[in-house]
Every structure is written in C-alpha cells, then in structure tokens.
Amino acid sequence: MTHRTVPDRLILGQILHFLDDPGEGDDPHSYAHFPQGALWIVEGRVAAVGHRRAVESAIAPERLAAAERFDYGDRLVLPGLVDTHCHYPQSAVIASFGRQLLDWLNTYTFPAEMAFRDPEVARATARYFLDRLLAHGTTTASVFATVHAASVEAFMAEADARQLRMLTGKVMMDRHAPPELCDTVADAERDCVALIERWHGRGRLRYTITPRFAPTSTSAQLALAGELYASRPDLHVQSHLAENPDEIAWVKALFPECRDYLDVYARHGLLGPRTIYGHCIHLSGAERAEMAATGTAAAFCPTSNLFLGSGFFDHAASVEAGLRVGLATDVGGGSSFSLIRTLDEAYKVSQVHRRPLSPLRAWYLATLAGARALYLDAFIGNFEVGKEADCVVLDERATPELEFRLRGVTGLAERLFALTVLGDERCVVATHVLGAPAFQR
C-alpha cells in the first residue's frame, strides 16, 4: 500500500476559539481572538495558532511555501461545531406536522426507522446526513442509529471514510415499540459487542451504548446497557431524560420503585463520565446535583423542545449546578441541521428564564462546551496545540440582512450576537476536517 503524505496546511482568517466558559459576562480571559490570525496544521493537528505574522515567522520559509494555503481574509474561523444529540434516521421526518413527544414517536419516528432494516436505506441516509452536517459546519456529533445493527455499520463506514470524529450506537429497545423495532436482551448484547469490536476506536470513531429511553427498555435491558458501559473505560452512553411531562409520568408508572426519572438510569449503572442525556428539561434540583456529581452531561435541544412543545431547558441553572451542557439539534424533532439556527433558539429559551445567553457564551456552547459534554475535549473543541484541526469558516455578512445590520459594527460580541440571531447555513463558507477541506460553498 502506498503511504500518502499529509501536507502541511495554513489557514488564514479571523481566528476565534475558547479556552473556558465565558460565563454571562463574556470573560475576556476565556477566549482567544486573532483578527488577522493563522492556524498551522501538521499531520491533521494544530501545530500553532496566533497572529498571522507570528505564526508564519516561526515556520521555515521553504516549508511554508510548500504548504496548502487557505486564505479566508477577515472571515471567522472557529473550531468545528459539536452536535451533542441527534438522530440520523429521522432526517426524512424533519418538519412533520404537530405532535408532542409520544405521538411523534408513534406517528413519525417509528415508521421512519423501520426502513433501516434495508442496509441501502441506511447507507444513503448516512451519506446525506453527514454531508448536511458538514455543510452546516458540524464536524462532531453524538448520533442515534436504529435498532438494526446495519444502521450502525452504515453510519460508521460513512463517517470513517470522511475521517470524522463521531459517536453512535445501536438503539436498544425491547418493549413499548412496534415488534419490527424491538430487540431482546440477548440480541442487544450480541449486536453491541460485535459493533464495539468492529468500530470502537477505529479512526476517530467511538461507540455509544444507546438505550432509547427508559420506557422502551426493560430493567434487564437497562442493566445490560450498564454492564456494557462498565466493560471498557472509554465507551459512551446516550439516551433521553425528562423531556415531556407525559413521558415523566409514564416512567414513574413503569418504575415505581425509583425516586425519579434519573434514578432509573442510576440504578442500572448509567450515570458517569461519557454519559449524556438529551433534553433534561423537567429536572429537580436533586437530579441536577446528582448529574453534576457523577459527571453526567445534558444536551440542550432548543429547536426540538420548542417544536414538540416540551418546555424550556434552564441552561443557566444547569451550568450553575455544575453540569456539563452541550448544544444539540435533535434532528428530526429538531427542525434544522444548523447549530447556528439552534443557537438563536437557545438564546430565546434563555430569555424565558431571564438569564440571556451572552454572545460569546453561545459560541462556546456550540464548540468547546459540546466537546466537554461528550468528554472529547482532549481531541477537539478549540485550537490548542495538539488538538485535531477541525474548523468552520463563517462569513458574518453572508446575507443582506447581516450585511446591513453590521455596517459600522466593529465589536466582537455585537457581531457574534448578530450572527447568532440572523445567521444560518448560508454563512458557512467552508468546513475543514483534520485541516483538509470537507465542504466549500
């Protein structure tokens, strides 16, 4: 096999990345901003970041001349966006009319997922889904497949071909679903073990133990999920928690011995590092405290929560309780692949709680906070030297509305806020994966 040399790459632009949570006051020490900046990328990793002159002057002239060069002028270059909760098999049911959670599952989700018994449906949808993520600037996601092992095979193969850092897993579901979508404890164990052996740790991929949510798994299956999670030190877990009042009442009826919804997962060994639960809207203070103490993260899904009428996640209270929180589209209950559009809705939800999401904290939420929520911040989330060089290039003036709004505006926070509220995928100029262009408008 011929070894392909990965070229050095230089990305020039207005570099912005986060070192920590800016908080509600946009702490100036929490981020680095280089209006005329540069990223120097060697073997797909960040080798240097900073002011353009300083970065270029530290590189041997002949090496700099031989590098692939991407000059984006004054356009924003941020770390690749991180989607902490989404469902690739639901790509075709985005914008399906008016149901709340449990009706949505029965009317749209389950029928759509039945088609994934066909591997070609899975492959075609995985290709579409990943192409759309890249076109929206998302380079990492925590993704639900279906109960079919082939749905994981298809997604992992497509993600690996694109060299993406992705998480996914086979949905575990042995009750309260159509028979065509139910497995058994034995089926789930066989499939998960085989998929873990085949895909976990291959390239930039990781496997996620994925019970859909407490009502669709028996106690025996949830116990298996906990055993699988404990079987290796770097496996992940994803599921749903406290999204809808009817769902919560159903969980209480199904698990009367448990103190609350979170306790169902706790009793089955499903709290801890590398676990993330979607929604987490209707949590008590005790549940938040337990999640924080165990290192369990929450995925903030504002577009989905509004679309399905589920409620308003309290980002400020969750972060103050010590939770790791990431942003999520929750496609297809969520109405867009765009984390930029999702930030707009996150800001509006935060206003309901009278704790508005500040401009810089919003973009932290879409980048480093998501990496931290998924326990991937050793690899991605910012441009610290040694990190994998995924990035998105954004044109702040991509639309007439943005261009008109930003005339005469120079402050970073004000520009970022306008981008949050008025921006969308039209602002995405390019997406780079390990430094290489993966999408260009």
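Reply: Happy to; what follows is a set of questions and answers about this predicted model.

Me: Let's begin with a residue. Why is E113 called buried?

Reply: Buried means under 20% relative accessible area. E113 has a relative accessible area of 0%, so E113 is buried. This residue is found in helix α3 (residues 101–114). Leaving aside residues up to four places away in sequence, E113 touches P89, Q90, A145, T146, H148, L181 and R212.

Me: And what makes T342 count as buried?

Reply: The cut-off is again under 20%, and T342 has 0% relative accessibility, so T342 counts as buried. T342 lies in helix α13 (residues 339–352). Beyond residues up to four places away in sequence, T342 touches P302, T303, L327, A328 and T329. T342 and T420 are 78 residues apart in sequence, yet their C-alpha atoms are 8.7 Å apart in space.

Me: Which residues of α5 are buried, and what covers them?

Reply: S151, V152, A154, F155, M156, E158 and A159 are buried. Their cover includes α4, β6 (138–144), β7 (165–169), α6 (185–199) and β9 (205–211).

Me: Why are α6 and α7 called roughly parallel?

Reply: Angles under 35 degrees count as roughly parallel. The axes of α6 and α7 (residues 219–231) cross at roughly 20 degrees and come within 9 Å, so the two helices are roughly parallel to each other. The crossing is right-handed. On the α6 side, V185, A188, E189, C192 and V193 make the contact, and on the α7 side A220, Q221, L224 and L228.

Me: Last one: which residues have the most contacts inside the largest nonpolar core?

Reply: They are Y88, M166, L241 and W363, in a core of 106 residues. Helix α4 (residues 119–135) gives the most to this core, with seven residues. A second, separate core has 16 residues, among them I11, I15, V77 and F383. As for M166, the residues it touches include L130, L133, F155 and A159, not counting those up to four places away in sequence.

Methods: Residues are numbered from 1 along each chain as its sequence is written. This is a predicted model: local features need pLDDT of at least 70, side-chain atom pairs count only at pLDDT 80 or more; totals for chains, interfaces and linings use all residues. Side-chain values use heavy atoms; hydrogens and water are left out. A nonpolar core is a set of buried Ala, Val, Leu, Ile, Met, Phe, Trp, Tyr and Cys residues joined through side-chain atoms within 4.5 Å. Buried means under 20% relative accessible area, exposed over 50%, partly exposed in between (1.4 Å probe, protein chains only). Helices (H or I, at least four residues) and strands (E, at least two) are DSSP runs, numbered from the N terminus. Contact means heavy atoms within 4.5 Å. Axes are lines fitted to C-alpha atoms, for helices over the stretch in contact, and angles run from 0 to 180 degrees between N-to-C directions. Angles under 35 degrees count as roughly parallel, over 145 as roughly antiparallel, 65 to 115 as roughly perpendicular and the rest as oblique. A crossing is left-handed if the near helix is turned anticlockwise from the far one by less than a right angle, and right-handed if clockwise.
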